Amino acid sequence: MNQFKIGELLTIGFMMFSIFFGAGNLIFPPALGQAAGDHTLTAMAGFLLTGVGLPLLGITAIALQGGKYIELINRRTYLWFATALLVVLYLCIGPVFAVPRTGAVSFEIGIRPFLGDDGLTIGQAVYTALFFGASYYLSLNPNKLIDRVGKVLTPLLLIVLAVLFAKSFAAPLGDILPATGNYVASPFAQGFQDGYQTMDLLASIAIGTLVVNAVRMRGVTDNRAIGRICLFAGLITVTLMACVYGSLAYLGATSASVLGHSANGGQLLASAVGIFFGPAGNGLLAAIIILACLTTSCGMLSGGAWFFNKLLKNRISYERLLLLFTLFSFAASNIGLTQIIALAVPFLVTIYPLVIVFVLLSLFDRFIGWRKSIYQGALDFTLAFSLIDGLNAAGVHVTVLNNILSQYIPFYSLMMGWVIPALCGAAFGFVISLFQTAPAGGASSTER
């Protein structure tokens, strides 16, 4: 920590924020606020738990391991499980869903209003080519990414957001209406699930590793020091995220009486900014969207290329993987935002509970020690229920099974039926460990 000045910590914190804060972070909170209405505070409590609290826990867990989190996953779970989980995770937050979404969202909200219907297809292709070309350039050198993103792009993004929020608080669009849909009966649970869409907990593993590598490149090698730097930067990040999320939700909550209920958060933002700023509104919104999405795209492309480079043991270079992921993301972003979101939901519903359970357990890893059966039991039980939830989210319903489980498993109807089984699985794993023999010394030196 002594080698890092306050300015450098702020730079890393800003970089983490800008990579976290992307397409979904802009469009989901205002949509939540508009639908939740007078239950927005309760719904946002759930949203902040998954959208801010869990990413902070993820960053903390990585910091406690000195950045060697992927190694911890490999040690504490089955080899096949760890590999499959990490591959799916990095594909979800990388070239399959999250990165193409950044290009699609920034075009739909930031560029499309300036184009006529006849030029949409060509316009999207040209824009996304420029967008992902810039992402590739910025991601070529992860060390320089700290300076380019943390010192330039993030301050610009925060200034633009501050202008929008100041206007929305000084002159609210309208009155806050009663809640609608699932926000009437269970606003907290619905907000908790809405937080999945940000993918921020999944991204924390990639971003935390990326930041650790960047800190190491600056000459810090002590794991404790790296952990403290990551934790302080994470606190800066989640504080900024909570402020931005709350402001966006308030903007959405005050918009329903004037705009009605928009189809999605992107349309809501476009309409609200148009009312606030007139003809200049679309230009301001375009700046917000493009900056937010570009920084997220850079971080996720860089993190994904780094992971697969290590997984493949340098058989394919970082630069080639980065180019491959950039080209795939460019192609995928042109299939449309609606399709990308629809395809992502079943995968997120399946993988998110697994990551939540592992992160929570890893916070107590020094106490769990060699008893990896606790991890394995909790994840086995969680996987069984998260797979069922994933199938339901994909439209594959097993009615008889769903009826039985909803009667006997708490929170099942809220798509959180994995919670109690995860606790039972951890307890079952602990019982198994009582019949096992601890390794000599209790744990290897690398695990302490």
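The legends below describe several close-up views of a predicted model.

**View 1. The largest pocket and the residues around its centre.** The largest pocket of this predicted model has a volume of about 910 Å³. Its lining is made up of 35 residues, and those closest to the centre of the pocket are Phe-28, Ala-263, Asn-264, Gly-265 and Ile-341. Sorted by class, the lining holds 19 nonpolar, 12 polar and 4 charged residues.

**View 2. The helices that line the largest pocket.** Two or more lining residues come from each of the elements α2 (23-36), α6 (98-111), α10 (187-194), α14 (265-277), α17 (337-362) and α19 (372-393). Among these contributors, α17 gives the most to the lining, with 7 residues.

**View 3. Helix α19 and the glycine that follows.** The 22 residues of α19 should span 32 Å at 1.5 Å a residue, and the C-alpha atoms at the ends of α19 are 31 Å apart, which agrees with that expectation. After α19 comes Gly-395, which has a positive phi, near 90°.

View 4. The side chains of Asp-365 and Arg-76 meet in a salt bridge, with 2.8 Å from N to O. Asp-365 lies in helix α18 (residues 365-368) and Arg-76 in helix α4 (residues 69-76), so that the pair, 289 residues apart, links distant parts of the chain. The count for the model comes to 2 salt bridges.

**View 5. Confidence along the chain.** The mean pLDDT of the protein is 84, and 93% of its residues reach 70 or more. Among the elements, helix α8 (residues 142-170) has the lowest mean pLDDT, 72, whereas helix α21 (residues 419-433) has the highest, 95. Over residues 444-448 the pLDDT is below 50, and this stretch has 6 contacts in the model beyond near neighbours in sequence. Where pLDDT is low, predicted coordinates should not be read in detail.

Technical notes. Residues numbered from 1 in each chain as written. Predicted model: local features only at pLDDT ≥ 70, side-chain atom pairs only at ≥ 80, totals over all residues. Heavy atoms only, no water. 1 Å grid on protein atoms, 1.4 Å probe; cavity = no way out; pocket = protein on both sides within 12 Å on 5 of 7 lines; lining within 4 Å. Points joined across faces, edges and corners; volume = space filled by probe spheres on them. Helix = DSSP H or I, 4+ residues; strand = E, 2+ residues; numbered from the N terminus. Nonpolar A, V, L, I, M, F, W, Y, C, P; charged D, E, K, R; others polar. pLDDT = per-residue confidence, 0-100. Contact = heavy atoms within 4.5 Å. Expected span 1.5 Å × (residues − 1). Salt bridge = Lys/Arg side-chain N within 4 Å of Asp/Glu carboxyl O.
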